[in-house]
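Q: Before we start, could you show me the model? I would like to learn how to read its features one at a time.

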Amino acid sequence: MTNLEITWVLAEIADLLELGGENPFKVKAYRQAVRVLHHLPEPVAVMAQRGELAKLPGFGKTIVATVKELLSTGTCTSLARLREEVPAGLREMLAIPGLGVRSIRTIYSHLGISTLAELEQAAREKRLRTLPGIGTKSELTVLRNIEMFRQQHGRFPLGVALPFANQLVAEVRTLPGVERAEIAGDVRRGEEMVETARIVVGADEPDRVLEVIAGHPQAARDTVREGPSISFRTWMGLAVKVTVVSRKDFIWEWFLATGSRAHTNRVAEMASGNRIPPNRLNSGSFLQEEWEIYSLLGLPYIPPEIRENCGELEAAKDGSLPELLLPENIKGDLHIHTMWSDGLNTIEEMAKAAYAMGYEYLAITDHSHSLAIANGLSVERLQEQWEEIRDLNRQNLGIRLFTGVEVDILADGRLDYPDEVLAQADVVIASIHSGFRQEAEKITTRIEGAMKNPHVDIVAHPTGRMLGRRRPYDIQIERVLDLAARTGTWLEINAFPDRLDLCDKHARQCKDMEIPIVINTDAHDVNRLQEMLYGVITARRGWLTVDDVMNTRSFDQITRVLGAKGKKK
DNA sequence: GCCGTTTTCGGCCCGACTGTTTTCAGTCG
């Protein structure tokens, strides 16, 4: 069992205990264990083999026993018991923003409601508002958020689906007779929410490969064999489809399975005048690589991330296809956290990890004072931290560190540090962590105010959305983009896979408006620095090139532009 | 459930916003 799978079990236990009215601190203990596992640099199975589980913070007798049971049997008796006691639907309700444990328990005890469908019906029939502590506004919020939940239902963030697909494809490649196996579908195109993780395999004897995959331990339910494909859901619920064809059909199948449907349909249309069977070249030999399909049509290769039928074929025809950003173009990360606020590693550890990734620079941008839950820095602690950064720079770590802050845009629109403090930082990021639900005018004005401040370089996670969990703030994005273009404020693509904020569409709008983009991980530990990849994928989906992204610049270049920015009007 | 003891119990990141109230509880980050 992977760390991720174990966190899912522990998180479910926490939720069910909470719904069952257990001691909140017991619940928190499980949640803490989930947090620790999320940040663990190695498989927990390996730690278990070394007998080191109990060394993990927050891992006592019970949680160690639970993890051991999962690792050895794949099951969990305490979870099984809880599932019998607490209706599964109540846990689904926890995913509805605005509904917490107390409200769910009230609804369950008064109305006997234990499924989302019943909840929705009761809200429509205006029965929720009759309950103590629930009024008309809450009832409407519930209805709106059920709708959001349904739209996401059964989909998983790219951050979950991509690692899974990578692992599956690596396993399939080891099977006898498999010549080639590749990720296709939503995952290959980098869609932020994945409906189905698709794999395409080219093999000698497709049937034999399909049989083996049918027995894959992750093929937990809904397994269906249909023609050359097998579909199943992992026990987490992620839909998977593996298609196995002969080697000669591989490239065409891979292309079709990658989609999008709108893109492949148009390509097929363009090719229909061409009497060659789709898996062959003019010469009669079989396709060896995907670019040959485009080449047959006289087009350059079109990267999967922009195969959405939104101008890519036209651009390919007239030679204006952009040369998309690559992960190796990124020279530094300008938004990370350390133990000074709510991060898990020291500045030095983060710096060394960033150096190991080949970066030239890293900005240390911990939270500001008002974000108490994240241990935000007072002005005094901020100055102390900057001293440490200057010390580290003198030690010549091979990577240059920028002093910085992620300063809160407070609910009334003020910034959480005075201008004279901001003026001293190399990098100032402004972002919102409170008052998410303010009305459009108010919250837009807040962000505009921050952008007008001459010391603010970057606005981080500009829309505030959390995929599948939280809607964007009610901001007027056009106004924000407009002002960013005028003030030269950089807008962030936050690479954290639950955020991806800005999204691909907004990134493309920024490109059109010549607004500088910066891709940051917002990493709270050394592992999460690796999530830069998700930001790069989002940027590629937004058609961004090296020129559009500021942290592709060298240390000297970025120092120069950051230095010049302090004078913006 | 975990931790760290002035060891076997008592405490466990805090503060703001929202919607429900009519002085506060629930939710969220």
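A: Start with a helix on strands. Helix H17 (residues 347-356) lies across E8, strand E9 (361-367) and strand E10 (400-408). H17 runs at about 145 degrees to E9. Two cautions apply: this is a predicted model, where local features need pLDDT of at least 70, side-chain atom pairs count only at pLDDT 80 or more, and totals for chains, interfaces and linings use all residues. Residues are numbered from 1 along each chain as its sequence is written, chains are lettered from A and ligands numbered from 1 in the order in which they are written, and side-chain values use heavy atoms, leaving out hydrogens and water.

Q: How are helices, strands and angles defined?

A: Helices (H or I, at least four residues) and strands (E, at least two) are DSSP runs, numbered from the N terminus. Axes are lines fitted to C-alpha atoms, for helices over the stretch in contact, and angles run from 0 to 180 degrees between N-to-C directions. Contact means heavy atoms within 4.5 Å.

Q: In what order do the seven strands of the open sheet run?

A: Pairing comes first: two strands pair if DSSP finds at least two bridges between them. Here the order is E8-E9-E10-E11-E12-E13-E14, with parallel pairing. Strand E8 (332-336) and strand E14 (517-520) are the edges, each pairing on one side only. Strand E13 (residues 490-494) is joined to E14 by four bridges. Glu 492 stands opposite Val 518 in E14.

Q: Which strands make up the five-strand open sheet?

A: The order is E2-E4-E7-E6-E5, and the pairing is mixed. E2 and E5 are the edge strands; each pairs on one side only. From one strand to the next, the twist averages 15 degrees. Helix H10 (residues 158-173) packs on this sheet and touches E2, E4 and E7. The direction of H10 makes about 170 degrees with that of E2. Helix H13 (residues 250-258) also lies across E2, E4 and E7, at about 15 degrees to E2.

Q: Which pairs in this sheet are antiparallel?

A: E2 and strand E4 (residues 196-203) are one such pair, with six bridges. Glu 182 has Val 200 in E4 as its bridge partner. Strand E6 (residues 229-233) and strand E7 (residues 239-245) are another, with five bridges. There, Ser 229 is partnered by Thr 243 in E7.

Q: Why is strand E2 called largely enclosed?

A: Accessible area decides: buried means under 20% relative accessible area, exposed over 50%, partly exposed in between (1.4 Å probe, protein chains only). Six of the seven residues of E2 (residues 178-184) are buried, so the strand is largely enclosed by the rest of the structure. Arg 221, in strand E5 (residues 221-226), is partly exposed at 38%.

Q: Which residues are closest to DNA strand B?

A: A residue is near a strand if one of its heavy atoms lies within 4 Å of it. Surrounding DNA strand B are 32 residues, the closest being Gly 60, Gly 98, Gly 100, Ser 103 and Gly 135. Sugar and phosphate make up 70% of the DNA strand B atoms that come within 4 Å of the protein. Helix H2 (24-38) gives the most to this surface, with five residues.

Q: Where does a side chain reach a phosphate oxygen of DNA strand B?

A: At Ser 103, a side-chain N or O atom is 2.3 Å from one. For Ser 138, a polar side-chain atom lies 3.3 Å from a phosphate oxygen. For Thr 62, the distance is 3.4 Å. A polar contact is a pair of N or O atoms within 3.5 Å; within protein, one must be able to donate a hydrogen and the other to accept it, and residues adjacent in sequence count only if both atoms are side-chain atoms.
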